[in-house]
Amino acid sequence: MAQARRIVVKVGSSSLTTASGGLDADRVDALVDALATVRGRAHAAGGDDEREVVLVSSGAIAAGLAPLGLSRRPRDLARQQAAASVGQGLLVARYTASFARYGVRVGQVLLTTDDTSRRASYRNAYRTLDQLLGMGAVPVVNENDTVATAEIRFGDNDRLAALVAHLVRADLLVLLSDVDGLYDGDPSRPGASRIAEVRGPENLAGVSIGSTGKAGLGTGGMVTKVEAARIAAEAGIPVVLTSASRAADALAGRDTGTYFHSTGRRSAGRLLWLAHASTPLGALTLDDGAVRAVVERRTSLLPAGIAAVEGEFSAGDPVELRDPVGRPVARGLVNFDAREIPQLLGRSTRELARELGPAYEREVVHRDDLVILHP
């Protein structure tokens with residue numbers, strides 16, 4: 001942990017705001033103090049390079065409640081977007097002022113799932129974040145709540161943080177909450193013990209994981225944090241889960257919170273985003289031969305192997321690939337509109353090219369735009 005050079009830190013709404021919905025300047029400053037300190041030269045690691053920090057910060061909607069006269073987080077999307085529009089500016093202004101105490105600039109990066117599951121957008125997001133870090137700035141990342149709809153939402157910033165950690169090739173992900181780690185029971189009750197390390201799913205067998213935070217201002221909870229930790233760990237990135245008040249300890253490598261060991265190898269590309277951040281807009285049912293080709297041989301999906309299509313989608317949208325009994329086996333970006341596919345079912349690309357033209361002599365889903373969904 002102490003030797004990690006590029007770190008993604010995620011902080012939730014309840015760690016930044018008051019119960020009434022306004023930003024708590026003291027809490028923001030305390031977090032920035034810890035982040036600015038870790039950006040100093042890594043003497044503990046014996047190196048001379050500055051450590052780089054990407055901050056994934058919730059709090060835009062919560063920060064916009066009080067200025068708009070809202071007493072609680074609205075349930076309808078339009079008012080959530082309005083609160084985010086007001087609150088995001090306040091949030092970034094507060095971070096800008098707080099980091100300025102250390103002579104550090106911040107850069108705002110707002111993302112939706114649509115920005116990152118497509119090849120060109122994924123590359124652009126990486127280049128922007130990498131350039132900001134290279135220029136000594138701290139990227140402040142959030143979901144673009146002002147325009148995100150249900151179809152293009154990450155759902156929670158814990159998952160967004162895990163995916164950003166993969167995107168920027170981070171060495172460590174730190175998830176900050178209002179609880180100082182994962183417990184084997186309700187931490188407010190006597191007898192509950194903190195789980196210091198998680199080496200794999202077997203360490204969580206029988207553990208009851210709560211679903212809500214204390215303040216009720218955010219959308220996540222311990223369930224989303226554990227899921228985010230699993231996503232990152234499977235992508236080869238270790239994770240620390242602790243409270244915002246112990247951020248400095250976590251970033252210094254001291255014993256705090258729960259440490260999730262990496263369980264997989266780092267993977268290149270945006271397929272992790274496709275698997276965990278995209279929402280399928282339709283489904284293609286494959287025959288048995290196509291399932292074997294896609295899942296076992298990792299080939300592209302050709303029209304000949306498709307038995308049925310459902311949903312309304314356009315070329316470039318994410319779709320689910322299902323086996324003959326309806327079980328999801330993969331997800332991919334489709335190359336045709338939904339209305340075009342019925343005429344392609346079960347036919348060879350050569351036959352389609354003769355009848356419909358050379359534009360139809362191609363895959364329905366290319367293997368480079370396809371991810372296998374493991375059970």
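Arg298 is partly exposed, its relative accessible area being 46%; partly exposed denotes the range between buried (under 20% relative accessible area) and exposed (over 50%), computed with a 1.4 Å probe on protein chains only. Residues are numbered from 1 along each chain as its sequence is written. The model is predicted, and local features need pLDDT of at least 70, while side-chain values use heavy atoms, without hydrogens and water.

Arg298 is located in the loop between α10 (288–295) and β10 (306–311). Helices (H or I, at least four residues) and strands (E, at least two) are DSSP runs numbered from the N terminus. Arg169 counts as exposed because its relative accessibility is 55%.

| Residue | Phi |
|---|---|
| Arg169 | near 60 degrees |
| Arg298 | about 55 degrees |
| Gly136 | near 85 degrees |

Neither arginine is a glycine: this holds for Arg169 and for Arg298. Gly136, by contrast, follows helix α5.

Helix α5 comprises residues 119–134, 16 residues in total, and spans 22 Å from its first C-alpha to its last, close to the 22 Å expected at 1.5 Å a residue. The expected span is 1.5 Å times one less than the number of residues in the helix. Its buried residues are Tyr122, Ala125, Tyr126, Leu129 and Leu133. These residues lie on the same side of α5 because they cover an arc of only 95 degrees around the axis, the arc being that of the directions from the helix axis to the C-beta atoms. An α-helix has 3.6 residues a turn, so residues three or four places apart point the same way.

How values were computed. This is a predicted model: local features need pLDDT of at least 70, side-chain atom pairs count only at pLDDT 80 or more; totals for chains, interfaces and linings use all residues.
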